Amino acid sequence: MAKSDCDKFLKMLPAYIEGKISSEQIIEIEKHLSVCSSCFEKYINLKNISQKIKNSFENIKQEKFISDKDSFFNENLSAYIDNELSNEEYLFFNGYVALNPEKRKELDEMLYFEEKLKESLEKNRQILQKDLSKKIVRQIRLENPACVSEMYVTASIATIILVLLTITAAYFSIPDNLHNFAVKAHLIKEIKH
Amino acid sequence: MLNFKNYKKLKIEELIKLIQKNDFKAMEELVKREQDKIYMTFYYLCPDCDDLYDLTQEALLRMCRGLSSLKNPKTFRGWLNRIISNLFYDELRKKHKHPQCLSTDEEDEDGKVMQICDNCLCPDEYTLHLEVEDIIKETISKLPDNFRLVMVLRELGGLSYEEISKATGIEVGTVKSRINRARHKMKTCLEPYFDNN
């Protein structure tokens, strides 16, 4: 058996054990394992190690929960109500409560309390007696230099327009007044005559 | 160009984006929506405070000033509650009160966790005219400061544990245990009143 062949299959072994290779590759690797005793031995060793690691992980997970179910329940009751448990913890919590009527009762009481508390807080909703929105916005506008200059520009434009209007109005009203004055003067002259 | 937006129908995120473009109408709408919630939070958080209006106003001002630097509008709720928490801590400092119970989460020399002191209101002490809402306020106000903070943010603000952790700078595990203990405490104190009502 060529060494390069063995190297190629050995690299594929972990993925083969995890079942993460294609069916063509599985056929290829199994064909090689059936004829190469050295690779087969390595495959068996690797599989055993992998299984052992998997088992100890499972044990740790189980132990973590099983070691003290009672304190797990007590410490996580609020987190369960607030929906803050991981999926794993949630399943464990549900399973534990289903098997313990006393804990079920305790959970129900806490849920009832929480519901009543929320109701009361909602009922006692405090409202500000005055609306602060206008005051706050005015304050922020004053603090914002861009807004202040914008306000000045607006005010200046308004003043200029006002001045222009006054001048125009004055300009158009002067001839009329002069004309009226001339007519009046003429009438007075005629009356005197 | 004249802009006839119906600000009342806009979502908070949309309002924030408009405020970041210097739209003051949107700012006014956001303040209107948030002011009561902030006031209510301080009402339970600082029951001894003389002027809740001032506190609310300061929180709103800090909110409006800081909005331009809020990168992700979705984090608004947590961010706003961080402002509230900071003001709450300032208020505690003003009263020369050190935040209590930092040590209550840790075990003492005997390996025991320090207990929240029993401030339960005895039903006999209360005359019938007291509303259950007053008793709730009293019970919340008697919780140690840091327990009260996480409890109010959870029950009134509806924040997740992670958001509370970010708003207060307390670790998620500690938030979880404080809420759990505060809720058990409150349940023991308030149960008689809820049963009667």
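Predicted model: local features only at pLDDT ≥ 70, side-chain atom pairs only at ≥ 80, totals over all residues.
Chain B contains 8 helices and 0 strands. Read from the N terminus, its elements follow the order α-α-α-α-α-α-α-α. Of the 197 residues in chain B, 36% are buried. Among the contacts in chain B with a separation of 6 or more, 61% are made by residues 24 or more positions apart.

The packing of two helices was examined in chain B. Two packed helices are described by the angle between their axes and the distance between the axes. For helix α3 (residues 52–66) of chain B and helix α4 (residues 76–94) of chain B, the angle is about 135 degrees and the axes are 10 Å apart. The crossing of α3(B) past α4(B) is right-handed. On the side of α3(B), the residues involved are Leu55(B), Glu58(B), Ala59(B), Arg62(B) and Met63(B); they meet Leu80(B), Ile83(B), Ile84(B), Leu87(B) and Glu91(B) in α4(B). Divided by class, this contact of α3(B) with α4(B) comprises 7 nonpolar and 3 charged residues, with no polar residues.

Burial was then considered for two further helices of chain B. Helix α6 (residues 145–155) of chain B is mostly covered, with 10 of its 11 residues buried. The buried residues of α6(B) are Asn146(B), Phe147(B), Arg148(B), Leu149(B), Val150(B), Met151(B), Val152(B), Leu153(B), Arg154(B) and Glu155(B). In helix α7 (residues 161–168) of chain B, the buried residues are Tyr161(B), Glu163(B), Ile164(B), Ala167(B) and Thr168(B). These residues lie on the same side of α7(B), because the arc that they cover around the axis is only 160 degrees. An α-helix has 3.6 residues a turn, so residues three or four places apart point the same way. Just after α7(B), Gly169(B) adopts a positive phi of about 75 degrees.

The two chains also touch each other. In chain A, 27 residues are in contact with 33 residues of chain B. On the side of chain A that touches chain B, the elements that contribute two or more residues are α4 (69–81), α6 (101–123) and α7 (133–143) of chain A. The residues of this side of chain A comprise 12 nonpolar, 6 polar and 9 charged.

Terms used:
Residues numbered from 1 in each chain as written. Chains lettered and ligands numbered in written order. Buried ≥ 20, exposed ≤ 12 C-beta atoms within 10 Å, placed from the backbone. Helix = DSSP H or I, 4+ residues; strand = E, 2+ residues; numbered from the N terminus. Arc of directions from axis to C-beta. Axes fitted to C-alpha atoms, helices over the stretch in contact; angles between N-to-C directions. Left-handed = near helix turned anticlockwise from the far one by under 90°. Contact = placed C-beta atoms within 7 Å. Nonpolar A, V, L, I, M, F, W, Y, C, P; charged D, E, K, R; others polar.
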